[in-house]
Amino acid sequence: MFAEVFTFELRYRLTKISTYIYAVVFFALGYLVVGAASGLFSGMQVQFGMGSEKTLLNSPMINHMMISSLSLFGIFIVAAFMGNALYRDFEHKIYALFFSKPLTKFNYLMGRFAANTVVLTGIFLALALGMFAVSISPW
């Protein structure tokens, strides 16, 4: 039953437009922040790191700092995704119907959790892809 709950939740999330909007926003966020730091916008100077001008923009320390700081915005997305998964069932009052089947609480909760985790991983991956895309851009 875990697989059925997992695939149901995954299909549900992948049909929602908000999933793709979040991914595009995170992609753009990564693209614009790294683009601003690399000189994409004239007249703008952004510096990351410990104050040294010799720190490379694509160094592991700078990548870690940027992804960590930008992922703080993702806390709100995680709360919206995970909270909505269970709230939907209680809102429509069908939670009792789920447990009338041979579905354990563990399979139900972990199926929903795992599917949302996969989708959220893809959304957060868009941040790193945006950072990578600006590094291979021709400008």
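Predicted model: local features only at pLDDT ≥ 70, side-chain atom pairs only at ≥ 80, totals over all residues.
Trainee: Is glutamate 9 buried or exposed? And arginine 112, buried or exposed?

Mentor: Use the cut-off: buried means under 20% relative accessible area. Glutamate 9 has 0%, so glutamate 9 is buried. Arginine 112 has 4%, so arginine 112 is buried too.

Trainee: How many salt bridges does a search of the whole structure find?

Mentor: Three. Another one joins the side chains of glutamate 9 and arginine 88, at 2.9 Å from N to O. That pair links distant parts of the chain: glutamate 9 is in helix α1, arginine 88 is in helix α4 (residues 74-91), and 79 residues separate them. Arginine 88 is buried, as is glutamate 9.

Trainee: What about arginine 13 and glutamate 9?

Mentor: They form a salt bridge, with the closest N and O atoms 3.7 Å apart. Both lie in helix α1 (residues 2-15), four residues apart, or about one turn of the helix. Put together, Glu9, Arg13, Arg88 and Arg112 are linked in a network of salt bridges.

Trainee: Now pockets. How is empty space found?

Mentor: A probe the size of a water molecule is rolled over the atoms, and this shows where empty space is left. Here, the largest pocket has a volume of about 270 Å³. It has 15 lining residues, and the closest to its centre are Val34, Leu57, Met131, Val134 and Ser135.

Trainee: Which elements give two or more residues to the lining of the largest pocket?

Mentor: They are α3 (60-70) and α6 (105-135). The largest share, five residues, comes from α6.

Trainee: How do the residues of that lining divide into nonpolar, polar and charged?

Mentor: Nine are nonpolar, six are polar and none is charged.

Trainee: Last, the surface. Which residues make the nonpolar surface patch?

Mentor: Leu14, Ile17, Tyr20, Ile21 and Val25 make a patch of about 480 Å². Helix α2 (residues 17-37) gives the most to the patch, with four residues.

Trainee: Where does isoleucine 21 lie, and how exposed does isoleucine 21 count?

Mentor: Isoleucine 21 lies in helix α2. Its relative accessibility is 46%, so isoleucine 21 counts as partly exposed.

Definitions and conventions
Residues numbered from 1 in each chain as written. Heavy atoms only, no water. Patch = residues over 30% accessible without salt bridge, like charges linked within 9 Å, V, L, I, M, F, W, Y side chains within 5 Å. Areas by Shrake-Rupley, 256 points an atom, 1.4 Å probe, with all protein chains shown as cover. Salt bridge = Lys/Arg side-chain N within 4 Å of Asp/Glu carboxyl O. Buried < 20%, exposed > 50% of the residue type's maximum accessible area, 1.4 Å probe, protein only. 1 Å grid on protein atoms, 1.4 Å probe; cavity = no way out; pocket = protein on both sides within 12 Å on 5 of 7 lines; lining within 4 Å. Points joined across faces, edges and corners; volume = space filled by probe spheres on them. Nonpolar A, V, L, I, M, F, W, Y, C, P; charged D, E, K, R; others polar.
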